[in-house]
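Please open the model in your viewer and keep the sequence panel beside it. The tour below goes from one selection to the next and says what is found at each stop.

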Amino acid sequence: MSNPRNLETSAPGYNPYKGDSSGGESRVLSDYDEANRESFATDIISSPDNVLYPEEVALHRYNSQRKAESGPVIRGDSLRKLARGDSVKQIPKLDRFDPTNGYNSSVTVKKPVTLVEKFQSWMINEGARTIFFFVWIFLHALVFAMAFLNYFFSDNLNNARQTFGITFSTARAAALVLHVDAAMILFPVCRNLISILRSTPLGGIIPFDENLEFHKAIGWSILIFTIIHTVSHWYNFFELARAQNGGIIMFLELNFLTGPGATGYVMLITLFIMVYTATEKSRRRHFNRFWYLHHLFIPFFAAWSFHGAFCMIKPDRPPFCNDIAVFWRYWIISGVIYIGERILREIRAQQKTYISKVVMHPSKVVEIQIKKNVATKAGQYIFLCCPEVSYWQWHPFTLTSAPEEDYISIHIRVVGDFTEELAKKLGCNFEEEAALRKKNRDRIKSQYDGIDISLDNPKLLKVLPRVMIDGPFGSASEDVFKFEVAMLVGAGIGVTPFASILKSIWYRVNYPKKSTKLRKVYFFWICRDYESFEWFQSLLLALEEQDIEQFIEIHTYLTGRLRHSEVGNILVNDDGNVKDTITGLRAPTHFGRPNWDKIFSNMRDQYPATDVGVFFCGPVPLGKSLHEKCNLWSQGFEDGTRFFYGKENF
């Protein structure tokens, strides 16, 4: 470990307009277009609501430096210093890693040279997943090719080939691929099985954390080969109707009045409904609709079980209908495991759970503490159901309690139908919380941790709704203790999985019961507005107060715009304070987006020949940017630093 040093101000050449060079983060965290930025003075005069952008406050850096050298610092200079993050307060010494120096983007990537180094770098984050999906695609191609050749050259199917042509072999080959997909599609959603397998040596080979991506890939494969199968049979029905002079009437009868035709259309319609409602845009807009309609897989599989049982196209020689309706042979293993998981969920749901505490936090965040009745690990998540809201809806929430605590807790952002109804059932009154905030609007930093409904109104303890829990289940963040150095990056409410990890680290450091490989943690929290910091503030304050900052470094980033009144409040409360005015932490709040290139460069220089775990929870564009930076700055050679990327994926 290198010697610690004070945080420095930004290096010469600082440009307040420059952020992450990837640009992926700006689409999520910025509320305005960079091309429309104007000067600080112009915004003050022309903006109708007196909005200040934190990057714009720091326009004339060199002028403020010259003024500071020539005389006392005036209010305008303090404003610029505040906006760029280098205030006059005394900052405690941190490690050599310095994200505030990230505005200097003059960094150089040492890229792998030899093929071995390139391959090793590629294997860090992309290798296992890419190889797995390549093998899966190759398996599809192999099954389709072998089946097509079998039906095309079989001497027992001459009549069928003469009647239908090449589309007969195409339809049968696509059907066999569909059987293989059906055998696998339920495995990725068997979460108990996935949680067990990811903790085995197989977890280093198979990317179990990509289980939902694999499930989606199989779904798209089923859609593609279903279209191939359907179009081929449409042509086959046309050829059969033409061969028997049946015309359009016979073509329609073959489609809708035969067993294969009727069951085929049931499958086709249910499949299209499931695919459409499961697309990203549709699922996010109407999650309840997606959840209920996705259970159409039950009639889909039921129709599939009888689809091939009618022996419509017979071979040339007997036995004519020997190997028909074999779908159950493919589906039986995954189906039994999936049914077992659903039964296990119902068994767990019958266990009594007691809500011991409900706390309303700022930014419409509700904390639910439940008496512990299961063993948990840091970074895991559970599925929660409230029968008074809906008996059929189970929603995933990350645990924010440490395994060492005697309760389990989750923090819920009230943003949707389910969460709003749940908050009402819990007795939350956010108008009361908003009134309290309005009463204290002159304070930029919240002076309370939240409103404990249980303490304020003991009668609510008797009327709190029943909740059911399924889990816990493993996630990528669970692997944080496998690394010597970890970077935890949370955006907004995406910070929840790291609450459990940070608490667990606190317990392991202060009450060590078992050794841990982890030696250093860098926690980055990125928010649009200062109110988003408040609900998580108490935990971070506790971590700093326990004097373990040599183990955990906290870096907060405020990327949204500040109103003029808010900037004034910051200035009033910032004079000579050791703690940051916004968060109350000794670590200062940085204004603007992180420069990930500089951050990764500093991390690589500080920790040579070290595996660094980078764990993220938040919006997709920011996660994509971090993933790219992990690949860019990882070094495959022996003494290189490797960044392993992990993302929460429910």
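Begin by selecting W525, whose bridge partner in strand β11 is T556. Strand β10 (residues 520–527) and strand β11 (residues 552–558) pair in the parallel sense over 7 bridges, where two strands pair if DSSP finds at least two bridges between them. Helices (H or I, at least four residues) and strands (E, at least two) are DSSP runs, numbered from the N terminus. This is a predicted model, in which local features need pLDDT of at least 70 and side-chain atom pairs count only at pLDDT 80 or more, while totals for chains, interfaces and linings use all residues. Residues are numbered from 1 along each chain as its sequence is written, and side-chain values use heavy atoms, with hydrogens and water left out.

Now widen the selection to the sheet, which is open and has 6 strands in the order β13-β11-β10-β9-β14-β15, with parallel pairing. The edges are β13 (589–591) and β15 (642–647), and each has a single partner strand, so one side of each is left without a neighbour in the sheet. From one strand to the next, the twist averages 20°. Contact means heavy atoms within 4.5 Å, and for the angles, axes are lines fitted to C-alpha atoms, for helices over the stretch in contact, with angles running from 0 to 180 degrees between N-to-C directions. Helix α22 (residues 596–606) lies across β9, β10, β11, β14 and β15, and runs at about 165° to β9.

Next, select the open sheet of 3 strands, which has the order β5-β4-β8 and antiparallel pairing. Here β5 (395–398) and β8 (468–473) stand at the edges with a single partner strand each, so one side of each is left without a neighbour in the sheet. Strand β4 (residues 381–385) pairs with β8 in the antiparallel sense over 4 bridges, and Y381 stands opposite F473 in β8. Helix α15 (residues 327–349) packs on this sheet, touching β4 and β8, and its direction makes about 125° with that of β8.

From there, go to S475, in the loop between β8 and β9 (485–491). Is S475 buried or exposed? At 4% relative accessibility, S475 counts as buried, a word that means under 20% relative accessible area, whereas exposed means over 50% and partly exposed in between (1.4 Å probe, protein chains only). Leaving aside neighbours within four places in sequence, S475 is in contact with R198, D209, G379, Q380, Y381 and E648.

Among the buried residues of α11 are Y265, M267 and L268, and what covers the buried residues includes α9 (211–243) and α10 (247–256).

Finish at R172, in helix α7 (residues 166–184). R172 counts as partly exposed, at 24% relative accessibility. Not counting residues up to four places away in sequence, R172 touches Y151 and I313, and the C-alpha atoms of R172 and F144, which are 28 residues apart along the chain, are separated by 9.0 Å.
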